[in-house]
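These are my notebook entries on what I looked up in this model.

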Amino acid sequence: MIKDITIGQYIPGDTPVHNLDPRIKIIITFVFITLLFFVGNYFSYLYIVAFMGLTLILSKISLRFILKGLKPLIVIILLTVVLNAFMTQGEVIWSKWGISITREGLYQAGYMGLRLIFLITGASLLTLTTSPIALTDGIEKLLNPLKKIGLPAHELAMMMTIALRFIPTLLEETDKIMKAQMARGADFETGNLVNRAKSMVPLLVPLFISAFRRADELALAMEARCYRGGEKRTRMKQLKIEFRDYGAMMITAAFCFLVIWSR
Amino acid sequence: MPVKVENLTHVYMKDSVFEHVAIDNISFEIQDGEFIGIIGHTGSGKSTLIQHLNGLLKPSSGKVFIDGSELGSKDVQMKKIRQKVGLVFQYPEYQLFEETVYKDVAFGPRNLGLSEDEVEGRVRKAIELVGLDFDSISNVSPFELSGGQKRRVAIAGVLAMEPKVLILDEPAAGLDPKGRDEILRGFKTLHEKQKITVVLVSHSMEDIANLVDKVLVMNKGKIAFFDTPRNVFREAETLEKIGLGVPQVTYLVKMLRERGFDLADCINIDEAKNELLKLFKR
């Protein structure tokens, strides 16, 4: 059950999308997300679909994997769709028990639903094709100008790297403790809300203890190797904008133009 | 409580780039009251295998029978199976969570819905079985104990379920030699006195040679051997090829024999001692 979580997962590969400079990829993702709010009609979504399709094909990530990643968020998407369908004013096309669906509501619901789905897939495509280290490297570099006003860019990036690094470890740990308690007859799946919350105690206590222990050990290991923050740190791999990065920017710009032009 | 495994296969992350066949179509049977050892190189599928025996993992294909009932079929209650088949994971001390040792050990029996009297009896028995003193330890926080004591408390937590089959995943890993001897001897006594079936996963060939009736050797998700330790440890070359070995003393006796000494195969120190004494007396 826990293994189904795909958020933040990285699928290694050697494709044009994987090899893009992480900074460019982050910027493109932000542009793409902003672009979603500029989509003026259903027709414009075709361009978004085309853009997503192109990225998917280039990155060789299977559509099924993306769909699987949407599964945990299906409740939020459905809720948005349903709320929009019922709550929008306009021409009534169906009505019963004092609630009604309007034509405008349906239009709006589909619209919002699609926006959410593309938002999530766009963001997950970034993490799926960028290794956590490259990602935080990119973020650090992008935040660099803000160092001048006192933003601890390196420290923030390091915290993110560590957090990302420990997601799978903690998931694995959760899985292990869950199984160990299940072997002692613990039941995590049935019962009412109160009982279920109570049944989490045997899981959460050991999990917290191990998380703190790990944090402590990691801090010690980093200090033992003389880690002391961002000052004067150099990198083995320098990020460099190359031809394909310009290409990716051009393609994105073209799609932006198409979407805004078709409003 | 015979345990029967039929054509068991387990695939992790099926249909993704991370797909990995952990167990590849294996079948075997464990009889009542046997002491079974499982050895295998890291990643050979040992841990995956034992998690099938109490239904924590579901087979990708194949069947597991406990006492004749198939795991995963509708009329089999998993809670009952998990009471019958106790599983002690690697480093079980990381699963402790209660305020006192007593409460932690009582977690399992309480989940079984037993009366408070029955729970107390079982907790007392389990704590004493792992060699701790019930009266002095039962009200201590498990987090104040030493590593070895924590391990014992965690094992007591499983023993308090009074399983008929006890599966142990490297119960002695990371303990000092004294602690490891005590804990392993404890399992042997438990096995002999209570006639329960014990499955021991271990990386120590010595422990396997000293304790078990039969040893199951895993290699890349398949069974390489399933035989008595004496027969298995005769295959030193094959075992080495799959990243394992034989007890040190077996190597020693083998080398002596290659230099012309007339010795029989030995798998533990006692046997070797007797063989050598025989040789000197001649």
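I began with helix 6 of chain B, which has 13 residues and reaches 18 Å from its first C-alpha to its last, close to the 18 Å expected at 1.5 Å a residue. The expected span is 1.5 Å times one less than the number of residues, and helices (H or I, at least four residues) and strands (E, at least two) are DSSP runs numbered from the N terminus.

I noted that this is a predicted model, in which local features need pLDDT of at least 70 and side-chain atom pairs count only at pLDDT 80 or more, while totals for chains, interfaces and linings use all residues. Residues are numbered from 1 along each chain as its sequence is written, and chains are lettered from A and ligands numbered from 1 in the order in which they are written.

Next I looked up how covered helix 6 of chain B is, and found ten of its 13 residues buried, among them V153(B), A156(B) and L159(B). I took buried to mean 20 or more other C-beta atoms within 10 Å of a residue's own, exposed 12 or fewer, and partly exposed in between, with C-beta atoms placed from the backbone. The buried residues of this helix pack against helix 8 of chain A, and also against strand 6 (85-88), helix 3 (101-111) and helix 4 (116-129) of chain B.

I then turned to the largest nonpolar core, which has 83 residues, with V105(B), A156(B), I167(B), L168(B) and V199(B) having the most contacts inside it. Helix 6 (residues 147-159) of chain B provides the largest share of this core, six residues. Such a core is a set of buried Ala, Val, Leu, Ile, Met, Phe, Trp, Tyr and Cys residues joined through C-beta atoms within 7 Å.

My next entry concerns strand 7 (residues 165-169) of chain B, where five of five residues are buried. On one side I found V165(B), I167(B) and D169(B), and on the other L166(B) and L168(B).

I also checked the pairing, which needs at least two DSSP bridges between two strands. Four bridges join strand 6 of chain B to strand 7 of chain B, running parallel, and L87(B) stands opposite I167(B). Five bridges join strand 7 of chain B to strand 8 (residues 197-201) of chain B, again parallel, with L200(B) as the bridge partner of L168(B).

Notes:
Contact = placed C-beta atoms within 7 Å.
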